[in-house]
Amino acid sequence: MQTPTTAQIRTAIEVLTKLGERLNTHAEHSVMQLSESPAGAHHAGRIEVSAIEQTTRIETVAAQLKNWRDGLLEQRRQCVSHHV
């Protein structure tokens, strides 16, 4: 398998960021549609916790991708400086 380019990693980071935003928006809309009852409040809490957990995972993967991209950029800089 070939190492992705830094542009491909950047695109993946952007897609993950958009996914996190979409999850939060969907959770907000879902919570607003629930009835104001104890069961609705309980379900709203579960939706919010789930959204937080998912976006936290997404942010973790995005941070790992950013570190990988930065490492690849640094390797590229070192290769260029050694060839010059």
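Predicted model: local features only at pLDDT ≥ 70, side-chain atom pairs only at ≥ 80, totals over all residues.

Reader: Why is Arg77 called exposed?

Author: The term exposed requires a relative accessible area over 50%. Arg77 has 51%, and therefore the residue is exposed.

Reader: What makes the pair Glu74 and Arg77 a salt bridge?

Author: The closest N and O atoms of Glu74 and Arg77 are 3.1 Å apart. The criterion asks for a side-chain nitrogen of Lys or Arg within 4 Å of a carboxyl oxygen of Asp or Glu, so this pair qualifies. Both residues lie in helix 2, three residues apart, about one turn of the helix. An α-helix has 3.6 residues a turn, so residues three or four places apart point the same way.

Reader: Why is Glu74 called partly exposed?

Author: Glu74 has a relative accessible area of 36%. Buried means under 20% and exposed means over 50%, so Glu74 falls in between and is partly exposed.

Reader: What makes Asp70 and Arg69 a salt bridge?

Author: The closest N and O atoms of Asp70 and Arg69 are 3.5 Å apart, which is within 4 Å, and therefore the term applies. Asp70 itself, at 39% relative accessibility, counts as partly exposed.

Reader: Why does Thr6 count as buried?

Author: Thr6 has 13% relative accessibility. Buried means under 20%, so Thr6 is buried. Thr6 is placed in helix 1, which covers residues 6-33. Leaving aside residues up to four places away in sequence, Thr6 touches Arg69, Leu72, Leu73 and Arg76. The buried residues of helix 1 also include Ile9, Ile13, Leu16, Gly20, Ala27 and Ser30.

Reader: How do you know that the span of helix 1 agrees with its number of residues?

Author: Helix 1 has 28 residues, which at 1.5 Å a residue should span 40 Å. The end C-alpha atoms of helix 1 are 41 Å apart, so the two values agree.

Reader: Which residues make up the largest nonpolar core?

Author: That core has seven residues: Ile9, Ile13, Leu16, Ile58, Ala62, Leu65 and Leu72. The elements that give two or more residues to this core are helix 1 and helix 2. Helix 2 supplies the largest share, four residues. Ile58 touches Leu16, Leu19, Gly20 and Leu23, again not counting residues up to four places away in sequence.

Reader: Why is Ala41 called exposed?

Author: The relative accessible area of Ala41 is 52%; the cut-off is over 50%, so Ala41 is exposed. Ala41 is found in helix 2, residues 38-83. Its C-alpha atom is separated by 8.5 Å from that of Val31, 10 residues apart along the chain.

Technical notes: Residues numbered from 1 in each chain as written. Heavy atoms only, no water. Buried < 20%, exposed > 50% of the residue type's maximum accessible area, 1.4 Å probe, protein only. Contact = heavy atoms within 4.5 Å. Expected span 1.5 Å × (residues − 1). Core = buried A, V, L, I, M, F, W, Y, C linked by side-chain atoms within 4.5 Å.
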